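This report describes selected features of one protein model. Please keep the sequence and the structure in view while reading.

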Amino acid sequence: LKKSADYLYQFLNKNFARLFGPADYQITPPLPAFIPRVKNFFIREIFLKVRKSGDPDIVKKRNLILRSLPAEAVVKINPANLI
């Protein structure tokens, strides 16, 4: 899990740095979830914050990167809660 989470972090960081400026996004390294295991699945979380803008190009770029993630990665956009 740690290797996969680190890989995803590096992948996201590299691709967002390529398409966005440093002031346009923030990303945290993989962290254990508040509830670290559910039904024998361990969970690590990476939080990504992209600058809100009226520019639809930013949303397209973000979605392009997120669609290229492996199927095992669960993406929550604007989650209702962080727990």
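## Basis of the report

Contact means heavy atoms within 4.5 Å. By that criterion, and leaving aside neighbours within four places in sequence, Leu8 is in contact with Ile46, Leu69, Pro70 and Ala73.

The model is predicted, so local features need pLDDT of at least 70 and side-chain atom pairs count only at pLDDT 80 or more, while totals for chains, interfaces and linings use all residues. Residues are numbered from 1 along each chain as its sequence is written, and side-chain values use heavy atoms, with hydrogens and water left out.

## The nonpolar core

A nonpolar core is a set of buried Ala, Val, Leu, Ile, Met, Phe, Trp, Tyr and Cys residues joined through side-chain atoms within 4.5 Å. Buried means under 20% relative accessible area, with a 1.4 Å probe and protein chains only. The largest such core has twelve residues, including Leu8, Phe11, Tyr25, Ile58 and Leu69. Helix 1 (2–19), strand 1 (25–27) and helix 2 (56–67) each supply at least two of its residues. Helix 1 gives the largest share, five residues. Helices (H or I, at least four residues) and strands (E, at least two) are DSSP runs, numbered from the N terminus.

## Asn15

Which element holds Asn15? Asn15 is found in helix 1. Asn15 counts as buried because its relative accessibility is 8%. A polar atom of the Asn15 side chain lies 2.8 Å from the backbone oxygen of Phe11.

Terms used: Buried < 20%, exposed > 50% of the residue type's maximum accessible area, 1.4 Å probe, protein only. Polar contact = N/O pair within 3.5 Å; in protein donor to acceptor, adjacent residues only side chain to side chain.
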